[in-house]
Amino acid sequence: MHVNRLILTRLCAVGAVCGLLAISAGCASSGSTIPKGVTTEADKFLYDKGTEALNKKKWMKAREYFRQLVDNYPQSQYRPDAKVGLGDTYLGENTLEALILAVNEYREFLTFYPTSRRADYAQYKLGYAHFAQMLAAQRDQTQTREAVKEFETFVERYPNSSLMPEARKKLRETQDRLSDSDYQVGYFYYRSRWYPGAVERFRAVLKTDPGYSNRDALYYFLADAYVKMNRKAEAVPLVDRLIKEFEKSEYLEKAKKLMVDLQSAEAAPEAKAQKKRP
C-alpha cells in the first residue's frame, strides 16, 4: 500500500512536471528577452545573461535565457552549455518537480553531446540530481539505486575528471544508504532475536558492499549473532577483522572482550582433554 502511494505520488509529480514544461515552453515562445539593438551574436547575449542570472541564483530568469537559446539557436556553439545551464537551474531550485526536470536535461545533454568537454560535469550532476531525491534508509531506495548507477558510470567513463574525488565521495554515500537499508533490517532481526534472519541480511551487505562505512557494527553484530546460534568458529574471523581494520570504533572494546571469550571457549575443551590424559 505504501509503495502504491509512493508510485502515485511520483506519477503525479511527473504529470505536474509535464504540465510545467508545456507552460514554460509556451511562455518562452511568447516573447523575446533580446533587446532590439542586439542583432548579432544574440545567442552569446542569451548565454551570458543566463550565466549571470544562474550565478546570482535567479533560477527562473536564467532558465528563460537558456531556454530561448536552446530552442531558437540549434547551431549555436553556446547551445550545449545552455542545455547544461538549464539542468543547473532546476537543480538549484531543488524541488521534487525541478529535480525530475534536471535529470531530463542532463540526460538529453549526454545523449546529444556525449563527447562534449562538459560531459563529465553533466554526468556528475545527473547522479547528484538523483542523490538529492534519496529517501531515508527505511524508505524506498529507487532514487538511491539510480544515483549509484550514475556515479558508477561517472567513475568508469571519466577517470581523469577534476570532479572524480567528489564523485567517489557521493558514490560511497549512496552505496552506504543502500547498505544501511539492509543493515537496519538485519539489526531489527537481531534485536528481535531472530538470528538466522539477521545473519542473512548482514552477510548480504558484506557480499554486495565490502567497503560499507558502518561495517564495524556489521562485523560485531554478525559475529554476536553467530555466537548466539552456537556457531562460534564463524564469529572469530569477523571479530578479528573488526580489531584489525578499525583503530577507532564504538565496538572495538566489545570486540576485544568477545575475542577473549571466544578464545577461552576454544581453549576449554583442549584443557579438559589434557586433564584426562594419564
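1. Let's start with helix α6, which is mostly covered: 11 of its 13 residues are buried. Please keep in mind that this is a predicted model. The buried set in α6 is made up of Ala-119, Asp-120, Ala-122, Gln-123, Tyr-124, Lys-125, Leu-126, Gly-127, Ala-129, His-130 and Phe-131.

2. What do the buried residues of α6 pack against? Their partners are α4, α5 (96-112), α7 (142-157) and α8 (164-191).

3. Helix α6 covers residues 119-131, and at 1.5 Å a residue its 13 residues should span 18 Å; the end C-alpha atoms are 18 Å apart, so the two values agree.

4. Now for one of those partners, α8. The axes of α6 and α8 are 11 Å apart, and the two helices pack at an angle of about 30°. Because the angle is under 35 degrees, α6 is roughly parallel to α8. The crossing of α6 past α8 is left-handed. On the α6 side, Tyr-124, Tyr-128 and Phe-131 make the contact, and on the α8 side Glu-166, Ala-167, Lys-170, Glu-173 and Thr-174 do. Sorted by class, the contact of α6 with α8 has four nonpolar, one polar and three charged residues.

5. The α3/α4 crossing is left-handed.

6. Which residues bring α3 and α4 together? From α3 come Trp-59, Met-60, Ala-62, Arg-63, Phe-66, Arg-67, Leu-69 and Val-70, and they meet Arg-79, Ala-82, Lys-83, Gly-85, Leu-86, Asp-88, Thr-89, Tyr-90, Gly-92 and Glu-93 in α4. By class, nine residues in this contact of α3 with α4 are nonpolar, three polar and six charged.

7. If you have the structure open, do click on Phe-66, a residue of helix α3. Is Phe-66 buried or exposed? Its relative accessible area is 1%, which is under the 20% cut-off, so Phe-66 is buried.

8. Leaving aside neighbours within four places in sequence, the contacts of Phe-66 are Tyr-47, Gly-50, Thr-51, Leu-54, Ala-82, Gly-85, Leu-86 and Thr-89. Take Gly-50 from that list: Phe-66 and Gly-50 are 16 residues apart in sequence, while their C-alpha atoms are 5.7 Å apart in space.

Terms used. Residues are numbered from 1 along each chain as its sequence is written. This is a predicted model: local features need pLDDT of at least 70, side-chain atom pairs count only at pLDDT 80 or more; totals for chains, interfaces and linings use all residues. Side-chain values use heavy atoms; hydrogens and water are left out. A crossing is left-handed if the near helix is turned anticlockwise from the far one by less than a right angle, and right-handed if clockwise. Helices (H or I, at least four residues) and strands (E, at least two) are DSSP runs, numbered from the N terminus. Contact means heavy atoms within 4.5 Å. Ala, Val, Leu, Ile, Met, Phe, Trp, Tyr, Cys and Pro count as nonpolar, Asp, Glu, Lys and Arg as charged, and the others, Gly among them, as polar. The expected span of a helix is 1.5 Å times one less than its number of residues. Buried means under 20% relative accessible area, exposed over 50%, partly exposed in between (1.4 Å probe, protein chains only). Axes are lines fitted to C-alpha atoms, for helices over the stretch in contact, and angles run from 0 to 180 degrees between N-to-C directions. Angles under 35 degrees count as roughly parallel, over 145 as roughly antiparallel, 65 to 115 as roughly perpendicular and the rest as oblique.
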